[in-house]
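Thanks for coming. I will take a few minutes on one structure and how its two chains meet.

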Amino acid sequence: MGVTCVSQMPVAEGKSVQQTVELLTRELEMLGAEKQGTFCVDDETYHTAASTLGSQGQAGKLMYVMHNSEYPLSCFALFENGPCLVADTNFDVLMVKLKGFFQSAKASKIETRGTRYQYYDFLVKVGTVTMGPSARGISVEGEYGPSVVASDCWSLLLEFLQSFLGSNTPGAPTVFGNRHDAVYSPADTMLQYMGLFNKIRRQQQGPVAGIR
Amino acid sequence: MEAPPVTMMPVTGGTINMMEYLLQGSVLDHSLESLIHRLRGLCDNMEPETFVDHEMVFLLKGQQASPFVLRARRSLDRAGAPWHLRYLGQPEMGDKNRHALVRNCVDIATSENLTDFLMEMGFRMDHEFVARGHLFRKGIMKIVVYKIFRILVPGNTDNTEALSLSYLVELSVVAPAGQDMVSDDMRNFAEQLKPLVHLEKIDPKRLM
């Protein structure tokens, strides 16, 4: 687990989601990266049930429960702008027990699936973001394994990302923010994915839908 | 609203329902040493293990009559240990011949920001206490002998006072649903602790 940057790759002009993913993976293979299995990150939304709202006197909050195949025994629960809880997979069982208080918005379950590529100390994951049957975008995750301090290795990670993303290279993730010397943790990666998924959810359901 | 009653089926929706089987008793302070001595002889050979835990009980009130209860526990003497979140269901009312109290249980290990997260979910802390005692194991059975301390100033775990002049003794097993022979093993073990301590099935509802 090292410093990670998650970003969205725009779909290439005149190409489908699948074709853009193929272009990217070909770039990575030409660079010399080795395919190392697959990955999956998923996100389910829960909102406070109407019955609990009255007594609390607060607007319904959205809670995201996420899983990452990189950490198979963990479950991440987050509130937007709130704390991120890292728990074990029994948390999913607890959410079933809490059915009466937290309802799952099944339609907004979103996930990204794709291939993992290892290039020396870097790990790159290119995934197709899907919501239900339709492909909504492309996620690219780049990780520099040896370092856990963002400020120490951001420029190195950026340079590496530029070598295959070109002009689509992202800026520094907001999670790096003010805590330059803070230790990076998997919860920060999940926060970045949550941000990405929310952005994709808000994008109009239009041209990008459907895997051609 | 509590979750729907857990039946004898161990697996529901792909996850195994775990049940906690429980027997409880107590001993006065002056009898503690003899009980510990007996337990050390009967239980698995291991370094005597003591613990100091801080437990907070959170409630989520909804429109339903009974609030949802979650227990958050952290170790005060082991730095770096994860926090422990526990859900305990209603005791199964079933077989009167069953020797132990049986209830559905979900145990989750979490990161340290558990209390902030629970508050964000809408839970409010109902009460908290410090538990200090000894832990023993025999196979899958766990025997805990501990004293409960009341926290005088909320959040300050250094300033505590003992709740009573006795120690609570609990014999528990967490096993998949449907394994009732577990309660027979527990009763047999409890027999060996008599007359130092009488462990029995105590229905929490009858105390309220």
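I start with a term: a salt bridge is a side-chain nitrogen of Lys or Arg within 4 Å of a carboxyl oxygen of Asp or Glu. By that rule, the count between chain A and chain B is one. Lys61(A) and Glu120(B) form a salt bridge through their side chains, at 3.3 Å from N to O.

Some ground rules. This is a predicted model, in which local features need pLDDT of at least 70 and side-chain atom pairs count only at pLDDT 80 or more, while totals for chains, interfaces and linings use all residues. Residues are numbered from 1 along each chain as its sequence is written, chains are lettered from A in the order in which they are written, and side-chain values use heavy atoms, with hydrogens and water left out.

Now the interface. Contact means heavy atoms within 4.5 Å, and on that basis 25 residues of chain A touch 29 residues of chain B. The buried area is about 2,400 Å², with 67% of it on carbon and sulfur atoms; buried area is the accessible area (1.4 Å probe) that two parts lose on being put together, summed over both. Of the area that chain A buries against chain B, Leu85(A), Lys97(A) and Phe101(A) supply 27%, more than any other three residues.

Last, a residue in chain B. Where is Phe68(B)? Phe68(B) lies in strand β5, residues 68-75 of chain B; strands are DSSP runs of E, at least two residues, numbered from the N terminus. Phe68(B) has a relative accessible area of 0% and is therefore buried, the cut-off being under 20% with a 1.4 Å probe and protein chains only. The C-alpha atoms of Phe68(B) and Phe123(B) are 8.7 Å apart, with the two residues 55 apart along the chain.

Methods: Helix = DSSP H or I, 4+ residues; strand = E, 2+ residues; numbered from the N terminus. Buried < 20%, exposed > 50% of the residue type's maximum accessible area, 1.4 Å probe, protein only.
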